[in-house]
Amino acid sequence: QVQLVESGGGLVQAGGSLRLSCTASGSISGIEYVSWYRQAPGKKREWVATITSSASRAYADSVKGRFTISRDSRDNAKSTVYLQMNSPKPEDTAVYYCYAMLTGAPPTWGQGTQVTVSS
C-alpha cells in the first residue's frame, strides 16, 4: 500500500507563487504515476497535472505554462511530488488532491490541501 500526504496549501495573492508537496510512503516502487487534481466549491474534481515513473509530464490546458509538476525520489523510503504554482489566479482556488496509480493495487488519494488565491 501507499500513503499520500499533501502539504503546502494556504492563501496566496494572484500573481504570486505557491508550492504543494505530495509525499508518498509505503510500497512506492509500485507507483506508475502521480497526478494532482483539484475541486472547487460546487464543482467536479478536475485533473491538473501528471508525472509518470519515467518523468513524463502532462498538464491541463488551464494551468499549462503556469504550473510545474516534479518529483524527488532520492529517498528510498519515500517519494515527493511537487506542484509549483506560479502566477496563480483566483479561479485556481480549490482543494488540491494527490493521486497515485499503482501496479497491482487500487489507486490512492491523499486527504487534500486547500489553496486560496486572493485577487
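The model is predicted: local features need pLDDT of at least 70, side-chain atom pairs count only at pLDDT 80 or more, and totals for chains, interfaces and linings use all residues. Residues are numbered from 1 along each chain as its sequence is written, and side-chain values use heavy atoms, with hydrogens and water left out.

**Strands and sheet**

- Strands are DSSP runs (E, at least two residues), numbered from the N terminus. Two strands pair if DSSP finds at least two bridges between them.
- An open sheet of four strands runs in the order β1-β3-β8-β7, with antiparallel pairing. β1 and β7 are its edges, and each has a single partner strand, so one side of each lacks a neighbour in the sheet.
- From one strand to the next, the twist averages 15°.
- β3 and β8 are antiparallel and share nine bridges. Ser-17 sits opposite Asn-86 in β8.

**Around β11**

- Strand β2 (residues 10-13) pairs with β11 in the parallel sense, over four bridges. Gly-10 has Val-115 in β11 as its bridge partner.
- β9 also pairs with β11, in the antiparallel sense, over three bridges. Here Tyr-96 stands opposite Thr-113 in β11.
- Thr-113, Val-115 and Val-117 form the covered face of β11. Gln-114, Thr-116 and Ser-118 form the uncovered one.

**Nonpolar core**

- A nonpolar core is a set of buried Ala, Val, Leu, Ile, Met, Phe, Trp, Tyr and Cys residues joined through side-chain atoms within 4.5 Å. Buried means under 20% relative accessible area, exposed over 50%, and partly exposed in between (1.4 Å probe, protein chains only).
- The largest such core has 30 residues. Leu-20, Trp-36, Val-48, Ile-69, Leu-83 and Tyr-96 touch the most other members.
- Strands that each supply at least two residues of this core include β4 (31-39), β5 (46-52) and β9 (94-102). The largest share, five residues, comes from β9.
- Ile-69 has contacts (heavy atoms within 4.5 Å). Leaving aside residues up to four places away in sequence, Ile-69 touches residues including Val-34, Trp-36, Arg-57, Tyr-59 and Leu-83.

**Disulfide**

- A disulfide is a pair of cysteine sulfur atoms within 2.5 Å. The count comes to one.
- Cys-22 is joined to Cys-98, S to S 1.9 Å. The pair links strand β3 to strand β9, 76 residues apart.
- The torsion about the S-S bond of Cys-22 and Cys-98 is about -80°, so this disulfide is left-handed.
- Both Cys-22 and Cys-98 are buried.

Note on methods:
Axes fitted to C-alpha atoms, helices over the stretch in contact; angles between N-to-C directions.
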